[in-house]
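Here is a short note on the salt bridges in this structure. Please read the points below alongside the sequence and the 3D view.

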Number of protein chains: 2
Amino acid sequence: MVTPTAALVDYILGSRLDAIPDDVRHEGKRALVNIVGCALGGADHPVMDIAIAALGPHAGPPVSAVIGRRERFDPLLASLLNGVSSHVHDYDDTLPKNYIHASSPVASALLAYASVNEVSGPDFLHAFILGFEIVSRIGNATYPAHYEAGWHSTGSIGVFGAAVAVGRLLGLDAQRMTWAIGLAATQGAGIREMFGSMGKGFHPGSSAQRGYMAALLAEKGFTSGRLPLEGPRGFAAVTSAEYDLGKLTVDLGRHFELTDNTYKPFPCGIVVHPTIDACIQLREKHGFSAEEVEAVELRVAPLVKDLCNKKEISVGLEGKFSIYHAAAIGLGRGKAALAEFTDEAVNDPALKRIRLLAEANGDPAVHEDGVVVTVRLKDGREVGMHLSESLGNLKRPLSDAQLEAKFRDQAKVVTPDQADEAITACWIIDQLDDAARLIAPCIPR
Amino acid sequence: MVTPTAALVDYILGSRLDAIPDDVRHEGKRALVNIVGCALGGADHPVMDIAIAALGPHAGPPVSAVIGRRERFDPLLASLLNGVSSHVHDYDDTLPKNYIHASSPVASALLAYASVNEVSGPDFLHAFILGFEIVSRIGNATYPAHYEAGWHSTGSIGVFGAAVAVGRLLGLDAQRMTWAIGLAATQGAGIREMFGSMGKGFHPGSSAQRGYMAALLAEKGFTSGRLPLEGPRGFAAVTSAEYDLGKLTVDLGRHFELTDNTYKPFPCGIVVHPTIDACIQLREKHGFSAEEVEAVELRVAPLVKDLCNKKEISVGLEGKFSIYHAAAIGLGRGKAALAEFTDEAVNDPALKRIRLLAEANGDPAVHEDGVVVTVRLKDGREVGMHLSESLGNLKRPLSDAQLEAKFRDQAKVVTPDQADEAITACWIIDQLDDAARLIAPCIPR
């Protein structure tokens, strides 16, 4: 009988890009536009300087670029740094089926690999799609038990995607690809206790680095267990109280999980997205200013109030999980980009005023992806709306143009021309003779 | 209330070597003699060449020595390599309370750190004792659920010891030591599916490297969660179905887990140790040769037969878990050193003959740490013994002289004079002004 791992390996080795449907390839490009933009947006975050100060002195030959940075490091450290920057703003993609942010670990390793090895654009896209698929499927097979146990699956499962993607580009044979998956399985880590600290952004970075290492070791003959996913002491059994290995291979090569991927319109917790979305729409429709807002009532799912009931806040990171700050920026500024989640924004008197006067009530009738907003203005008008599908979810996906705008908003460390060049490179990645043409415009000049 | 993590941090920062009892300090030296010897013994194992071929090209400045090797690498890769070599022969120490091999991850990181930083001998020994203690206590708190789930706790928990030991030498303050423990918690990994492959030896190496990284990151201000061990999504809850956090701190600074550490007399699975031990004793007492053995009957605990019922074997690694090979080397050679677990030994006709004629029977009356051996010789004599405590366990610990002999047997990559110098350095480590004096004689000339 073919084991699930063997079936995955067989698929990874036999897959051809031209057999992957156009819509999947396009979704792969959308994911690249999104994740490269996020890496640029996080590239000058203080966490990057800290990581570089700590690990840079021990880095290998400075051959690999890091997205959004001038320094070069060995590709393993570059993988880690790409992963940290692309996740640190909580702005990357999300798989609603299992809450994994799959692009960061996969793309972070691939971008480093392609920076030091010649990789054609089609091969790069193909490896990305395969890595993404493996992460998603291991996520599906172990969800929800794995996540509920407290694993941050972007780290604990992301490592597989980096191993498979780099392993595919290294041309590993079936035995070595199995070892690479095994060495990924035995490095999977990352716990949710880190949420709210730099440790969260560390996870996709670390998994990119460890997955890359797994592929390198396997290539040279470093052996690992034969049943890394399905064995009695394999990844699924060890980390997940319940799991369904059938999900690893069902419709493999026919259904691609990339088509279920979502992209955040706002750099903050997904649960405050509906509030921001509705408040922006109200402001656009009724044309009021921040000063005119006199009262705000939010009705949200009880879980959302539980998670985001933060009014007394002073740093930007806290704003990412405050339902009141969400209302304040939507009503007060009509947008929610990186600038709305800085310390400055949280302490902006106009926003603070709205945050403090806003009220939120849990209402079991409201879905987690919805909100009911009522706003009273100083002129006596009362305006409101009931939002049931939030921008960015699978039913209201960001358009290609919106993804481009999100990219440009984040790409402050490069010139607008460079940003355009990088965006174009993502859209035509399958026509590029060298994937490095996507990387070059992402380096500050 | 002081959290368990805070209590551990407080202890680590406030501990003084001169407040640690003499017997504990001596046991720390014994653990060093043992683990440095194991690192020398594994230094020329093929797995080391593979790891170096894969990761060496991405290594940082070649400043750190690796025990038993001529190459130098950055201290993070050196930590990994020291960890692989010191565990690859399954010859390092064991904590009977939780089956963790605690010395490898801790010493592997410390030896790399001390190779590139000036560390006094007393500080080195002190950091080792502290790292060992933390690993042991986290192991106790999560045993048996953690191990039974399938974690190879030498990897998943070893990482804490490396972080704490290096963190102590870096002089981390309480906040940073907490972050280091958090960054260790979120990197803990290693599954038992890897047993029987190179993945097993990878675990202490990887945990040494990751723990060292955790300390470096924390030093520069990389934050992590506040309750890494005890939080609802912390290490214990995520990885262990049941746990007892009280064991983290009970008698902390009064009872030291080092005093419960054991050292293997033979480089193989602990469960075949009683058979080897008894067979060596029989041969010594009765003075027969391999050729004279005509029949062998072993009565062992049923679990031991289950685990080690391997007769048709052809490679040395398999011999480590064959009860029949164990009898063959004990009766046929009267010893069980590294040379008895090579491919050559497994295929030695004289040993193979005994292996094939030996019989093993499970007997619930025999303890796992015991064996009943009966041997019939060609001259008609029947000799036998019932062993109830195996050499190397807590009741029959290896003597200092036996540890030295074990070291010398493994130290083939350096000269006998170097081996003596290294052994002496371990015994007088708390009088050395520079711990590098332990490392220098471990490098082949």
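What is the relative accessibility of A:Arg381, and how does A:Arg381 count?

1. A:Arg381 has 33% relative accessibility and counts as partly exposed. In this note, buried means under 20% relative accessible area, exposed over 50%, and partly exposed in between (1.4 Å probe, protein chains only). The side chain of A:Arg381 meets that of A:Asp379 in a salt bridge, 3.0 Å from N to O.

2. This is a predicted model, where local features need pLDDT of at least 70 and side-chain atom pairs count only at pLDDT 80 or more, while totals for chains, interfaces and linings use all residues. Residues are numbered from 1 along each chain as its sequence is written, and side-chain values use heavy atoms, without hydrogens and water.

3. A salt bridge is a side-chain nitrogen of Lys or Arg within 4 Å of a carboxyl oxygen of Asp or Glu. Over all chains, the count is 49 salt bridges.

4. A:Asp400 and A:Arg30 form a salt bridge, with the closest N and O atoms 2.7 Å apart. A:Asp400 lies in helix α20 (residues 400–410) and A:Arg30 in helix α2 (residues 22–42) of chain A, so the pair ties together parts 370 residues apart in sequence. Helices are DSSP runs (H or I, at least four residues), numbered from the N terminus. A:Arg30 is buried at 7% relative accessible area, whereas A:Asp400 is partly exposed at 29%.

5. In chain B, B:Arg333 and B:Asp348 form a salt bridge, their closest N and O atoms 2.9 Å apart. B:Arg333 is partly exposed at 24%, and B:Asp348 is buried at 17%.

6. A network of salt bridges links A:Arg333, A:Lys335, A:Glu340, A:Glu344 and A:Asp348.

Conventions. Chains lettered and ligands numbered in written order. Helix = DSSP H or I, 4+ residues; strand = E, 2+ residues; numbered from the N terminus.
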